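Work through the exercises below with the model open. Each task is followed by a solution in steps.

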Amino acid sequence: MEVLIYLVPMALGLGLLGLIGFLWSLKSGQYDDLEGAAWRAIMDDDVHEIAEDGGR
Amino acid sequence: MSDTRDLSHFVRHIEGGVARIDLAVEGMACAGCMSKIERGLSTLPSITRARANLTNRRVAVEWNEGAIDPVRVLERLSELGFHAYPFDPGGAEAAEEQETKFLLRCLAVAAFATMNIMLLSISVWSGNMSDITPEQRDFFHGLSALIALPAAAYAGQPFFRSAIRALMARNLNMDVPITLGVLLALGMSVLETLHHASQAYFDSAMMLLTFLLAGRSLDQNMRRRTRAVAGNLAALKAETAIKLAANGDLREVPIASVQPGDIVLVRSGERIAVDGVVVEGASEIDQSLVTGETTRATVGKGTLVYAGTMNGYGTLRVRVEASAEATFLDDVTRLLEKAVEARSRYLRLADRAARLYAPLVHVTALSTLVGWLVAGATWHDATVAAIAVLIITCPCALGLAIPAVQIVASGELFRAGVLLNAGDAVERLADVDTVLFDKTGTLTLPESEVINAADVPSDVLEIAGRLALASSHPLAAAVARAANAQSPLAGAVEEPGQGVRGVNDGVEVVLGRPSFCGAECEAEALAASDPEASAIAFIRGGERHIFAVRQRLRSDAAAVVDRSQKLGLAVEILSGDRAAAVEHVGRMLNLKHWHAGMTPANKIAYIAELRAEGRNVLMVGDGLNDAPSLAAADASMSPVTAAHVTQTAADAVFLGDRLSPVTEAVAIARKAKRVMRENLCFAIVYNIIAVPIAILGFATPLVAAVAMSGSSILVTLNALRVKGGRSPV
């Protein structure tokens, strides 16, 4: 069971990574506009631009 | 003399030579609008960033300092079909934003800690049943302590601070037992770990913090959302004034940057935006928004005018006075302060519960400790039992029960077009049994309308409307609106204060005061039949017509009065207007109880009288004269068109031309309060079951975890019942 000595801290480290990720996303304003962000994901602005350039 | 718009008050200068302006945008309702705005703005040269926020309907625009006039941004937006209004960020809203983020960070830390400690705890619990070695258990407990202690120190801050504040003020609030419970549980668990015990309460302490923080963030989110909408409304009202600069230039500036002593120009048909003294010009003003009186007042040099009144035919120059110097406002302000002071502070349900609950928890925990010691238990066992009582009684359900109901209720109110100003408004609205309506601007619409448009031949109405467009008088504007006139009659001449004269198809046409058109008899006949209406005469050759212009009742006023009575509410009218006008409305709405000619002090006295009879009064009003009575009533609402001071004094603001949000708000509030009570009852039942278990010493960490999460989920689910199922108006 000695394997726990490094497995458990590793699990904690991964969790901590998630926490840091959340705190970073909060700080960079990703939770400021929840409604808008939902739509931005499916907006196809880039597709229009390519079409206007004549390419596909 | 140039007339430019000055937005410098709203532009913020950030590092690196970049300027930024925040705009509230009307009509941005979908994702398409969002990308249209962003793309449209980025075609402007030198705009470095344009970011739309769909949640609070705002756009942030950044550009290189001095490269573009922000007015150009507004113009570009209106080309795209959106009305944008500059918005003054900072102040209360920025602080709220900080608080929201802080609570979210705390919640994230607490949730992370709970999850990981739970992972370790469950291993210990199942290990205790099977084959865990003492070394492994100590290792798990040690790790738990390593996670829990720093996490609690960070995530517990909101509670610790509030508890210390309460204790300093020699008070007990809910945060005192929470803080005590968390600290004792952690302290004891550390000791237990050091003594190689088989149980530790790290998970209970962290889970408690997580659930409570979830409740707090919900509460905070609701408040922030309400504030953002209120901020947008303030910006949308676009309170600007035309200021006369020292060099004779006219500049449109936001009200916030107008100083006492400045001279402000008010053109005919505009709303006066400041309090002050007329220094030049003469006119007639409509003070109905301020005093509730529908008769127009004549103003000239030296007259005091108040913000919110509508200027009639003449152009005025007004010297801005500090509002305290203006007598009427001074009166209102004084009464308002008194009313706010005198309002017996309503004790929120949660606070009332906390007041009973906190001492009870402490006494129970203490008597558990003493009881076990007397019964011969060791200090250790007695302390463990006492701390278990503290943890299990900690108001997890309470902390979540009321915020959860409040957020669901405020979401429902939001959908009904009601914005809450005060957090406890829902509870106060629920208790109301009498509704007092102001007349002008509340039961009626604030804008005047031609009420007999259907009786006038359509060709006459059309010409009258085109003629009316040549005038800037508010009554003429009503005629123009009724006729849906688009182009003014060419060559029409306005005689200020009298009327407009023009020629159509070779026939002279005149629109104006009855005396100006020689139609006094018809006007008198109208005054006799409808005392509230103002008459406008129209002459074409020998033909004479009279337009009756007045404020019309809101379309659903009668239905709302009816529904209020069905909800068991007594309805009365409380107006500052003259008796004849109020009686007329009372008759139309089938209301026997009406009071006319009420000054702000009268209104307060009447409300105090009703409250002394033990009635709970809801005041609905919009005028500046209503502000003190709004504050004096148990609960208050005002339409979004109301004067600024009035909106601030009201508990809730409702949107739109309809009155139905008033009854709907009462119905939703009653439902919400019922669910809050249910949740409190549930918390009591929970304690009746859980506390004996804890006192007897059976509350293992596993029992605590199940009890806490189970009760929290139940009350949250119950709160969701406030949603939906609204009965039709």
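**Exercise 1.** State into which domains chain B is divided.

Solution. Chain B has domain 1 (1–89), domain 2 (94–236), domain 3 (238–325), domain 4 (417–444 + 554–671) and domain 5 (452–529); the bounds come from an automatic or database domain assignment. The model is predicted: local features need pLDDT of at least 70, side-chain atom pairs count only at pLDDT 80 or more, and totals for chains, interfaces and linings use all residues. Residues are numbered from 1 along each chain as its sequence is written, with chains lettered from A and ligands numbered from 1 in the order in which they are written.

**Exercise 2.** Determine how helix H4 (residues 134–155) of chain B is oriented to helix H6 (residues 175–194) of chain B.

Solution. Helices are DSSP runs of H or I with at least four residues, and strands are E runs of at least two, numbered from the N terminus. Step 1: the two axes come within 10 Å and cross at roughly 150°. Axes are lines fitted to C-alpha atoms, for helices over the stretch in contact, and angles run from 0 to 180 degrees between N-to-C directions. Step 2: H4(B) and H6(B) are therefore roughly antiparallel, the class for angles over 145 degrees.

**Exercise 3.** Find which strand residue stands opposite B:Ala537.

Solution. Step 1: strand E22 (residues 534–540) and strand E23 (residues 543–553) of chain B pair in the antiparallel sense over 7 bridges; pairing needs at least two bridges found by DSSP.

Methods:
Angles under 35 degrees count as roughly parallel, over 145 as roughly antiparallel, 65 to 115 as roughly perpendicular and the rest as oblique.
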